[in-house]
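Reader: I am new to this one, could you walk me through it?
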Amino acid sequence: MHGYVSDEIAGKAYDSRLMRRLLQYLAPYKIQVVFSLLLLLLISLLQLVGPYLTKIAIDRYISHGISSGLNRIALLFFFVLLVAFILRFLQTYIMEWVGQRIMHDLRMNIFSHMQQLPLSFFDQNPVGRLMTRVTTDVQVLNELFSSGVVTIFGDIFTLAGIILVLFIMNWKLSLVTLSVVPLLFYATLLFRKKVRSSFRLIRKRIARINAFLQENISGMWVVQLFSQEAKKFRQFAHINWQYCQAYLKTIFYYALFFPAVEFISALAIAMIIWYGGSQVLGATLSLGALVAFIQYAERFFYPIRDLSEKYNILQSAMAASERIFNILDLAVDESYQQVPRQLPPLKGKVEFRNVWFAYQGEEWVLEDISFTVNKGEKVAIVGATGAGKTSIINLLTRFYQKNRGRILIDGIDIEELDAGWLRSQIGLIMQDVFLFSGSVEENLRLGNLELGQARLEELSRYVHLDQFISQFPRGYQTDVRERGSILSAGQKQLLAFARALARNPQLLILDEATSNIDPQTELLIQEALLKLMDGRTSIIIAHRLSTIQNADKIIVIHKGKIREMGTHEELLAQKQIYYMLYQIQYKDQQRPAPLPLATGNPSTNPASEKRKKKEDLK
Amino acid sequence: MILKELSPLFSYLSKHKKGIAVGCVWLILTNCFVLSLPWVLKYAIDGLKGGINSRALSFYASLILAVSLVAGVFRFLMRRGLIGISRKIEYDLRNDFFRHLQRLSPSYFNRTPTGDLMSRATNDLDAVRMLLGPGLLNLFNTIIISITAVSLMIYIDPWLSLYSLIPLPFLSLIINRMGKELYWRFERVQAHYSRLSAQVQENFAGIRVVKAYGQESDQIKRFRRSNLEFVSKNMSLVKIWGFFLPLMLLFSGMGMLIVLWLGGKAVIVNRITLGEFVAFNGYLIMLVWPITALGWVLNLFQRGATSMGRISQILQQKPDISNASHPIRVTSLRGEIELRNVIFAYEENSEPVLKGISLKIPPGSTLAIVGPTGSGKSTLVNLIPRLYDPTGGSLLIDGTDIRRIPLKILRRHIGYVPQEGFLFSDTIRENIALGKISFKEDEVMAAASASQILEDINHFPRKFLTQTGERGITLSGGQKQRVGLARALIANPRILILDDPFSQVDTSTEEAIWKSIREKTAGSTKILVTHRISSVRDADRIIVLSGGKIVEEGTHKELLARKGTYAELYRKQLIRQELEEL
């Protein structure tokens with residue numbers, strides 16, 4: 001069973017296990033990555049040319065007053081710049097491409113994987129949270145791939161190149177100049193340590209602000225009812241201030257770090273002036289080389305500063321990838337993994353044998369359920385809210401797995417059947433008809449391309465849907481989401497009928513809608529339903545009197561057990577549970593103008609329900 | 001446009017006038033010292049060419065150290081000051097944002113998704129903070145460093161400055177051009193991103209249909225298609241964006257090339273010294289970063305302005321329920337309630353939920369409201385503490401229009417127990433004593449005991465100090481309902497509203513609760529909304545709502561005798577109870 005997937009992660013800054021997994025996504029783009037590294041190497045080399053040309057210019061030409069030599073140097077410099085420009089663009093383009101492809105691959109991986117997760121997973125995790133995995137979290141990784149991993153190599157190349165050139169020019173001065181590097185590393189390490197702990201604090205405190213806001217917005221009416229605005233504001237101001245304080249601390253470290261790096265680089269330049277200067281005086285170093293040394297030293301510090309920026313990218317990428325891999329590591333629904341066993345088209349006999357089922361532990365929702373539905377029979381399942389009716393459907397379609405007993409279709413245990421094939425043989429119509437964005441036709445077809453246009457319209461006529469659709473200017477091509485929703489609840493029902501009918505299923509499972517439908521459409525639905533059930537094994541969670549009256553058999557479920565079974569008349573005569581349910585739920589439907597009486601849900605505020613729906617859509 | 005959006009920020013900035021002024025002084029001083037470094041270098045190089053002694057050399061070296069040390073101190077003060085102020089403004093803004101939310105009515109929160117408000121309080125606020133902090137800082141920095149560095153360069157050699165700065169106007173022209181195109185392509189990427197998100201959302205929401213109709217592979221195919229399109233939209237953005245940094249580097253390189261080439265020649269003809277040549281180069285390098293950052297800064301301003309606009313939208317939202325301009329002076333209420341032809345609709349032009357309700361509830365009496373789901377029962381009781389105001393008609397308490405009673409006084413006298421107990425992530429004690437500023441321990445105990453929750457609480461690990469919510473224990477629905485009742489009872493209200501509060505409490509507990517409610521609130525007006533007829537029988541009066549209208553009213557006996565809706569409801573209730581026991 002899949003539980004709730006938390007957003008909270010351990011939050012390590014660097015996790016080699018995660019990193020290795022992430023790098024696997026680079027593997028298909030090896031060639032591009034290697035090429036891009038090569039380009040980076042070239043770019044780093046070209047970056048070294050500038051200061052060296054300055055050295056040559058000063059030593060050979062400026063000092064000796066050769067003006068024509070400068071032209072040549074300038075021309076060479078120009079070409080170097082131009083080539084570097086082109087290579088840089090190429091390198092960026094390739095790496096961005098790789099980054100985008102990897103994100104594409106990741107998104108596909110997560111999405112495909114989630115398609116195969118069991119339904120319990122979706123029932124337990126809010127949609128909004130799951131979406132973040134496919135969207136935001138993947139987006140965070142983009143930076144890691146496009147500008148993180150690879151450019152770190154670029155920085156390292158540049159550093160190595162500078163060190164190499166400095167040593168070639170003058171090894172003694174190089175040693176003196178580079179003597180500040182340990183200092184720089186020490187400062188960076190110290191800074192990182194301090195910043196890391198305060199960033200952890202910041203994250204904790206912003207999470208607290210978010211939780212507080214969330215809670216207070218949804219409970220604002222309670223706060224207002226009890227006139228607690230001032231008290232809650234004080235609490236908010238307090239955690240807000242703590243958050244501010246945590247930041248002020250990092251600001252302190254940042255404000256200290258940047259000047260410190262600048263001071264260290266000034267230290268390097270001072271050493272060059274002092275030691276290199278005396279070498280110039282002693283004629284062991286040229287003036288041009290001294291200038292070049294200063295320019296190289298300035299360039300030396302950029303990549304190091306860059307590296308600490310990259311650290312932040314790395315940190316958020318680690319957190320995002322951990323959340324992603326948590327999803328990818330969830331086991332898929334077993335039914336997707338088994339060897340498909342298909343049968344000749346289903347005949348439609350359904351049998352439950354002593355089935356027990358619980359969503360959690362031993363809290364039985366269904367207890368010892370046994371019944372048989374013969375081919376072509378229409379069976380209505382009735383019971384109060386929460387009696388366990390929907391769970392029967394969930395088991396039969398293999399959305400959930402029973403705990404004990406056996407469920408057989410045409411005499412074969414459904415667990416031996418391929419779930420995809422099984423579902424393809426069933427026409428399932430749920431209470432709330434779900435429409436995918438797209439045209440009416442696409443919603444009818446649902447991927448079934450073999451269905452001809454003529455057959456499609458024939459089906460629609462058959463279930464009385466056609467008369468509504470033909471009124472739309474664009475007919476079957478009308479977008480179902482146009483102006484909110486163009487179809488009424490009743491029309492959606494009819495569409496769901498046509499959709500199910502298109503697959504010509506032998507077994508029909510229907511959870512009748514309870515929503516109020518105008519009497520005219522209601523009649524159409526009843527008529528269409530009769531046609532739909534004709535010649536098919538039908539299992540219906542019934543809310544309509546006409547449906548139960550038409551059923552061959554009624555199964556009464558009460559508190560997870562089958563309590564009564566028989567026809568409408570038989571059960572009424574028994575004057576037991578069915579009789580009572582009939583009094584509460586169905587009897588009123590005989591009246592000409594039925595009073596909309598619900599089965600006993602506590603009333604809810606219609607506006608807040610609307611809001612909930614809106615939020616779900618977000 | 002940008003300025004208009006940002007104008008609300010001026011009052012926040014002016015609160016920190018002094019700090020900002022001091023920070024600007026540090027900023028200027030920092031730049032003065034930083035800019036003098038190449039000048040020291042110039043003396044050193046020229047000195048080396050002229051053959052100075054090693055003592056002068058160590059003097060220059062220590063001068064460089066001293067100057068950069070002082071510059072560092074100033075930079076530290078500047079960053080800590082200015083960036084710190086941006087964080088403090090963020091703090092002020094977030095407080096104001098929250099304070100304003102507290103003044104908005106439930107109908108506003110019904111209309112507005114929580115996620116949207118949250119993202120304004122976090123993401124948008126962050127964008128505004130970026131503008132105020134790094135945005136303003138870099139803008140000032142760029143302006144000051146450009147002016148001073150360029151004037152120093154001109155001082156060294158006007159012609160050389162002119163030539164080496166020639167690429168800059170071209171650069172800004174190209175950036176401007178590219179910026180627009182970049183903006184459009186970015187918009188397109190964003191638009192597709194939301195489409196991609198919507199697709200994922202749809203798939204997850206409809207996963208049951210996807211699985212039932214074997215649409216998994218078809219959905220994957222569809223997702224792949226728009227995923228690939230997203231890649232190509234992104235790549236079209238990269239085609240421009242990828243030029244940005246290389247182009248910047250090309251242009252700054254060109255500046256250096258010109259200095260090397262023409263500056264070198266100037267040294268040869270003795271127009272400038274070699275030291276000046278090196279210093280000139282240094283200034284040019286100093287200019288590169290701030291000018292490169294200018295594009296980023298502009299982007300920060302754009303985003304900050306948009307975000308500030310989104311925050312202002314909320315801050316300018318007028319609260320639709322607030323104190324009247326001429327409230328009456330009252331300190332206590334008797335608890336007489338009267339509704340005169342009250343009409344209420346959740347949204348303009350939508351069908352009213354209450355269609356003309358007239359009703360008088362004498363102080364100290366008990367009114368029960370029954371009726372089918374959606375008949376307007378909860379809506380009706382929500383009007384009394386002014387969670388909503390009637391769309392038409394009037395509501396009077398003690399003979400005064402409810403809108404003229406100060407909101408605080410009104411709500412202090414009303415105890416409201418909702419269907420679903422709402423708990424804050426706090427201790428149970430704080431949750432019960434929510435409405436009290438000061439309270440005694442035994443008051444909390446008494447309220448808990450009257451609500452039949454005391455025993456449950458005593459079983460919790462830390463009793464009344466047990467945390468609830470995210471980082472604590474989760475209470476069951478029935479427990480939450482009872483905490484909600486205790487919260488209302490502790491305040492000893494004149495008017496007690498119970499909106500179907502015992503739906504998740506078993507019948508025997510409910511009876512005990514009723515007994516203590518009657519004892520504790522003997523003189524209070526009580527209004528009860530319920531599905532359980534059993535708890536209605538003793539009410540002084542019962543009304544039956546259907547479709548937003550009162551269809552029947554009277555006592556239990558009278559209504560039963562009428563054999564109408566109430567009698568039918570009662571009968572069904574009896575059957576349901578019987579069914580429950582089977």
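Author: What follows covers a sheet and then an interface. This is a predicted model, in which local features need pLDDT of at least 70 and side-chain atom pairs count only at pLDDT 80 or more, while totals for chains, interfaces and linings use all residues. Residues are numbered from 1 along each chain as its sequence is written, chains are lettered from A and ligands numbered from 1 in the order in which they are written, and side-chain values use heavy atoms, with hydrogens and water left out.

Reader: In what order do the 6 strands of the open sheet in chain A run?
Author: The order is E6-E7-E8-E3-E9-E10, with mixed pairing; strands are DSSP runs of E, at least two residues long, and helices are runs of H or I, at least four, both numbered from the N terminus, and two strands pair if DSSP finds at least two bridges between them.

Reader: And which strands stand at the edges?
Author: Strands E6 (426-429) and E10 (561-566) of chain A do, and each has a single partner strand, so one side of each is left without a neighbour in the sheet.

Reader: Switching topic, how many residues of chain B are in contact with chain A?
Author: In chain B, 146 residues are in contact with 154 residues of chain A, where contact means heavy atoms within 4.5 Å.

Reader: How many salt bridges cross there?
Author: The rule finds 2 across the interface of chain B and chain A, taking a side-chain nitrogen of Lys or Arg within 4 Å of a carboxyl oxygen of Asp or Glu. Glu430(B) forms a salt bridge with Lys231(A), with the closest N and O atoms 3.3 Å apart.

Reader: Which helix gives the most to chain B's side?
Author: Helix H10 (residues 216-268) of chain B does, with 32 residues on the side that touches chain A.
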